Amino acid sequence: MENKQKEYANLLIEIGLSLQPGQTLLIQSPVECAHFARLCASAAYDAGCREVVLSWSDDRLTRERYLRAADGVFDEVPEWRRRFFNDYAAARVPRLVIDATDPETLRGVDTGRIVRAQRAAGEALEPYYHAYMNNDAPWCIAAVPIPSWAKKVFPDKSEDEAMAALWNAIFETVRITGDGQSAARWRAHLATLKARKDKLNALRFKSLHYTNSLGTDLTIELPEGHLWAAGNGATPKGQPFVANMPTEEIFTAPHRMGINGVVYAALPLVDNGNIIDGFHFVIREGKIVASHAERGGEFLEAAYTVDEGASRFGEVALVPYDSPISNQGILYYNTLFDENARCHLAFGEAYPECLEGGNAMSREELKAHGLNWSINHVDFMVGTADLSIVGTTHDGREIPVFIDGNFAL
Ligand code: ZN
Ligand code: ZN
């Protein structure tokens, strides 16, 4: 186990961030994952890191703050916090996010406080969010188990067994078998994703039509000049990185005004610790005009009404139903994994890299080209075993992109 954890830490530094000698590294980690954060820091120093800087978080105190702190704090971001994140972003410091959250940590918390805190952070830390969203510096999000999350995923196991099971499941998703060859497997995997991406970019679809037996019947227009991207990006200086590990998706941005129809979620969505299940959206000219959920509808509404852009869409992602994560049959209650198990859409912000020249454009220019902006970006799964996606080209040809849940190209 310890050896696999070390291999994982090395993989994040080598493939996730391609950390270069002399670079500073920012690690964001929950306090419960201190052991793994230390392994990552050691791997970074082994790679010649100048300094590892830590930003710790604690689920329990985050929850207690939402429940018990004075109301005014949810509209404030203190100067030191702005400087910390905005300064490291301005210095283009590679950033590793260790993701481990109890999916229900914010259950029962006033959603108004969460929304206000998100808004305040969105404004105060705009340069920081922008720099990483724009791929100006390498970033990588990867997950490690914590007991509360492990028990949620494996409720019938003891805490120790659940932790071991979740570690092993995560190792499988990031292609770690214990033979020390995971970096080589990742290079091959990234090459497969690139080949699919290149095919889609060559076709330059005008629109995609989704249908399945859940009731989804959705047409998604793609903006002129849209680009499909895969999980591996690069900074303007050419430093490669993998923003999410694991990653199985090929994604682009939809036109913010060009989505029409009905889309049904294929899996529950966990947003800010709240579980939203059995939901669908009705969408007209890009905007969510109605939604219904069997469970958690109020949280869904809170998420897509945070600001104007939150009710429009920012991402269209293709993931084969027959993918390693999907085949595990595990519901992780964590977007990092669940979004890589299924085709998904996201409402909220679009990635500028999904438009030709987008990384150099202002927010207004991106909007003029059809890319959405919001402080939110919420992925939800739409892929099923019978999902069909048909692409229409600008000269009117109809080409199957997905048949029965898998790539047909
Ligand atoms: Zn995605
Ligand atoms: Zn997304």
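Biologist: Which residues are the protein donors of the zinc ion (ligand 1)?

Modeller: Along the chain the donors follow the spacing E-x65-E-x23-E-x4-H. They lie 1.9 to 2.7 Å from the zinc ion (ligand 1), and they are Glu249 (OE), Glu315 (OE), Glu339 (OE) and His344 (NE2).

Biologist: What is the geometry of the site of the zinc ion (ligand 1)?

Modeller: Four donors count as tetrahedral if all angles lie between 85 and 135 degrees. Here the angles among the four donor atoms are 71 to 139°, and the site of the zinc ion (ligand 1) is therefore not tetrahedral but counts as irregular.

Biologist: Which residue coordinates both the zinc ion (ligand 1) and the zinc ion (ligand 2)?

Modeller: In this predicted model the two zinc ions are 3.4 Å apart. The residue that coordinates both is Glu315.

Biologist: How many residues apart in sequence are the parts that Glu249 and Glu339 tie together?

Modeller: Glu249 is buried, with a relative accessible area of 4%, and Glu339 is buried with a relative accessible area of 4% as well. Glu249 lies in the loop between strand S10 (244-245) and strand S11 (250-252), while Glu339 lies in the loop between helix H12 (335-338) and strand S17 (344-348), so the parts that this pair ties together are apart in sequence by 90 residues.

Biologist: What is the angle between the planes of Tyr304 and Phe347?

Modeller: Tyr304 lies in helix H10 (residues 297-304) and Phe347 in strand S17, so this pair ties together parts that are 43 residues apart in sequence. Tyr304 counts as buried at 8% relative accessibility, and Phe347 is buried at 0%. The pair is edge-to-face at 6.4 Å centre to centre, and the angle between the planes is 85°.

Biologist: Over the ring of which residue does the charged end of Arg363 sit?

Modeller: The charged end of Arg363 is 3.7 Å from the centre of the ring over which it sits. That ring belongs to Trp373.

Biologist: Is Arg113, which meets Asp71 in a salt bridge, buried or exposed?

Modeller: The salt bridge, at 3.2 Å from N to O, links distant parts of the chain, with Arg113 in helix H5 (residues 111-124) and Asp71 in the loop between helix H3 (59-68) and helix H4 (79-90), 42 residues apart. Asp71 is partly exposed, with a relative accessible area of 40%. Arg113 has a relative accessible area of 12%, and since residues under 20% count as buried, Arg113 is buried.

Biologist: With which residue does Lys152 form a salt bridge?

Modeller: The closest N and O atoms of the two side chains are 2.5 Å apart. Lys152 lies in helix H7 (residues 147-153) and its partner in the loop between strand S3 (95-99) and H5, so the pair ties together parts that are 48 residues apart in sequence.

Key:
Residues are numbered from 1 along each chain as its sequence is written. Chains are lettered from A and ligands numbered from 1 in the order in which they are written. This is a predicted model: local features need pLDDT of at least 70, side-chain atom pairs count only at pLDDT 80 or more; totals for chains, interfaces and linings use all residues. Side-chain values use heavy atoms; hydrogens and water are left out. Donors are N, O and S atoms within 2.8 Å of the metal (3.2 Å for Na, K and Ca); water is not among the atoms, so sites may look incomplete. Four donors count as tetrahedral if all angles lie between 85 and 135 degrees; four count as square planar and six as octahedral if opposite donors are over 155 degrees apart and all others between 65 and 115; anything else is irregular. Helices (H or I, at least four residues) and strands (E, at least two) are DSSP runs, numbered from the N terminus. Buried means under 20% relative accessible area, exposed over 50%, partly exposed in between (1.4 Å probe, protein chains only). Rings of Phe, Tyr and Trp (its six-membered ring) pair if their centres lie within 6.5 Å; planes under 30 degrees apart count as stacked, over 60 as edge-to-face and the rest as tilted. A charge sits over a ring if NZ of Lys or CZ of Arg is within 6 Å of the ring centre and within 35 degrees of the ring normal. A salt bridge is a side-chain nitrogen of Lys or Arg within 4 Å of a carboxyl oxygen of Asp or Glu.
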